[in-house]
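The entries follow in the order of looking.

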Amino acid sequence: MAMPSVPAGTPDAAELAPLGSRASSSYLYPLIATAVLFAVWELATRFGNISPLILPAPSKILATAVDHFPVLMRMSAVTAYEFVLGFVLAAAIGLPLGALIVYSRPVEMTFYPLLVAFQTIPKAAIAPILIVWLGTGIMSKVLIAFAISFFPIMVDTIIGLRSSQPETVYLVRAMGGTPYQVFRHVRFPNALPAIFGGLKVASTLAVIGAIVGEFVSSDTGLGYLLLVANGELDTRLVFACVLVLTLLGLAFFFAIEAMEKVFVRWHVSARQAEAAASGE
Amino acid sequence: MRTTGQARSELAVVGAEAFVRIVGVEKVFSSRTRAALKALDNVSFDIAAGEFVSIVGPSGCGKSTLMMLVSGLIPTTRGEIVIETSRVSRPYANLGIVFQRDALLEWRTVLDNVLLQADIRHLDRRKLTPTAVDLLARTGLAGFEKYYPWELSGGMRQRVAICRALLGNPSLLLMDEPFGALDAMTREQMNLDLQRIWLQDRKTVLFITHSISEAVFLSDRVIVMSPRPGRIAADIRIDLPRPRKLSMREESSFGRYVAGIRETFQSFGLLKED
């Protein structure tokens with residue numbers, strides 16, 4: 001019986017011995033990498049004769065972020081609202097549409113080529129048109145975030161729903177299962193890992209969509225603040241905006257990943273056990 | 001021992017209580033892009049109630065197709081299959097199926113996998129849970145109810161699949177190379193376990209395998225199929241006492257059955273020894 005060892009909650013000596021234990025190293029390695037990156041950056045800007053207009057020191061960026069904390073938070077709220085709403089819309093439409101395409105040949109033949117064609121259009125190119133149609137308010141940004149994040153959700157839903165082992169489907173049908181039961185008990189749970197893959201990709205794209213929209217035309221949001229700061233050659237504030245935006249994107253991505261751990265625990269655990277086994 | 005002809009298999013069961021009757025079954029797979037493929041040609045035989053029948057044949061001979069037809073999941077092109085008194089047109093209600101791949105649902109625990117049928121047929125899970133726990137115990141899986149499939153070995157997974165098939169106490173058990181993916185040692189253990197379970201309530205079993213000795217070891221009758229299109233080449237009754245022991249495989253009576261089947265294969269031009 002290969003059972004993964006569950007790390008105990010108490011931080012004993014073994015867990016503090018850092019690089020050996022897997023659970024703590026999954027946090028420790030990226031932390032060390034980030035720290036080294038920022039240290040090099042800090043040293044380069046201090047001793048490397050780089051103009052602060054080109055590349056400000058991380059410490060200065062952090063100080064600026066603290067100074068502008070209230071406005072950064074206000075702008076973050078707007079941008080977050082845009083990309084979360086765009087993402088939720090993309091999931092609300094991408095998931096059922098993916099399922100429809102899998103289950104209905106006519107729907108697939110009618111819509112799939114159009115959807116692929118739409119995907120190949122660079123969204124930044126049509127952003128100005130969307131703004132003409134929907135105005136410079138929040139809705140145009142929501143729609144751009146939706147348009148850019150919808151496709152991976154739909155495609156991964158299709159891939160996931162089509163990846164069931166035929167035997168599992170036969171089995172449920174041989175038990176007298178209806179097509180709905182095959183969907184509910186086999187196809188959909190089996191598709192969840194792929195769907196979450198799509199959702200994770202989409203979560204990062206939705207952030208890009210919202211910023212693209214704000215770049216084109218806006219009077220609020222992090223993208224707007226970034227453009228303003230850039231216009232004033234306030235490089236520190238530009239970097240502070242990028243920093244906050246990165247943190248927002250990370251938080252959103254990890255929120256989706258936390259959901260994955262709840263809904264697809266069987267898959268996440270199996271994947272981790274497999275990784276651990278191959279690492280030994 | 002019979003070696004050729006299809007009519008003889010019908011003779012073999014005259015007078016016996018036929019539980020499954022396969023009459024003149026032909027299956028052709030047609031596709032728009034490829035030439036039609038005849039998988040089975042005029043296959044007829046009966047399975048008596050409580051009989052353990054194995055089908056052996058070279059790969060691609062239509063063994064699995066035959067099982068899919070009996071299960072009612074795909075229709076015959078010609079001929080008919082009758083289970084008890086009714087012609088198969090959709091899955092027979094009291095059926096258990098085991099495939100070569102265990103087909104466990106990875107998101108369900110061992111117990112929930114065994115109870116799958118309860119959910120599909122809207123039966124009372126609480127009533128069936130003791131049955132499921134008992135089945136798991138009988139196959140050496142006591143205590144594993146809460147485990148997930150990925151935590152089990154290949155042999156354990158296939159045992160869960162067998163328990164799942166047995167949950168509704170099916171009167172017909174279809175097994176399509178259930179031990180084909182297991183290592184030799186596990187496979188022998190599974191053969192012993194399956195025999196033990198079968199001896200307890202003697203269900204009607206249609207067992208598909210490509211292992212001649214596995215077929216002889218487990219079965220009351222072994223049906224040998226020809227290469228594609230699959231026809232019945234031989235229908236052999238195995239008169240060996242039960243419970244059979246692994247050591248019986250070294251005895252001459254066992255060896256004669258195996259040799260007879262192998263000769264049938266060689267008559268097809270298979271298993272060439274130069």
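**Helix crossing**

I note that α6(A) and α9(A) are oblique to each other. The model is predicted, and I read the axes of helix α6 (residues 123-134) and helix α9 (residues 179-216) of chain A as coming within 9 Å and crossing at roughly 60 degrees. I looked up the hand of the crossing of α6(A) and α9(A), and it is right-handed.

Next I listed the contact residues. On the α6(A) side they are A:Ala124, A:Ala127, A:Pro128 and A:Ile131, and they meet A:Val212, A:Gly213 and A:Val216 of α9(A). Sorted by class, the contact of α6(A) with α9(A) has six nonpolar residues, one polar and no charged.

**Aromatic pairs**

I found 17 aromatic pairs over all chains. I looked up A:Phe87 and A:Phe252, an edge-to-face pair with 5.0 Å centre to centre and 80 degrees between the planes. A:Phe87 lies in helix α4 (residues 69-103) and A:Phe252 in helix α11 (residues 235-263) of chain A, so this pair ties together parts 165 residues apart in sequence. I checked burial: A:Phe87 is buried at 7% relative accessibility, and A:Phe252 is buried at 11%.

In chain B I looked up B:Phe19 and B:Tyr92, whose ring centres are 6.4 Å apart with planes at 80 degrees, so this pair is edge-to-face. B:Phe19 is in strand β1 (residues 18-29) and B:Tyr92 in the loop between β5 (86-87) and β6 (95-98), 73 residues apart. I recorded both B:Phe19 and B:Tyr92 as buried.

My last entry is a cluster: B:Phe52, B:Phe179, B:Trp198 and B:Phe207 form one aromatic cluster.

Key:
Residues are numbered from 1 along each chain as its sequence is written. Chains are lettered from A and ligands numbered from 1 in the order in which they are written. This is a predicted model: local features need pLDDT of at least 70, side-chain atom pairs count only at pLDDT 80 or more; totals for chains, interfaces and linings use all residues. Side-chain values use heavy atoms; hydrogens and water are left out. Axes are lines fitted to C-alpha atoms, for helices over the stretch in contact, and angles run from 0 to 180 degrees between N-to-C directions. Helices (H or I, at least four residues) and strands (E, at least two) are DSSP runs, numbered from the N terminus. Angles under 35 degrees count as roughly parallel, over 145 as roughly antiparallel, 65 to 115 as roughly perpendicular and the rest as oblique. A crossing is left-handed if the near helix is turned anticlockwise from the far one by less than a right angle, and right-handed if clockwise. Contact means heavy atoms within 4.5 Å. Ala, Val, Leu, Ile, Met, Phe, Trp, Tyr, Cys and Pro count as nonpolar, Asp, Glu, Lys and Arg as charged, and the others, Gly among them, as polar. Rings of Phe, Tyr and Trp (its six-membered ring) pair if their centres lie within 6.5 Å; planes under 30 degrees apart count as stacked, over 60 as edge-to-face and the rest as tilted. Buried means under 20% relative accessible area, exposed over 50%, partly exposed in between (1.4 Å probe, protein chains only).
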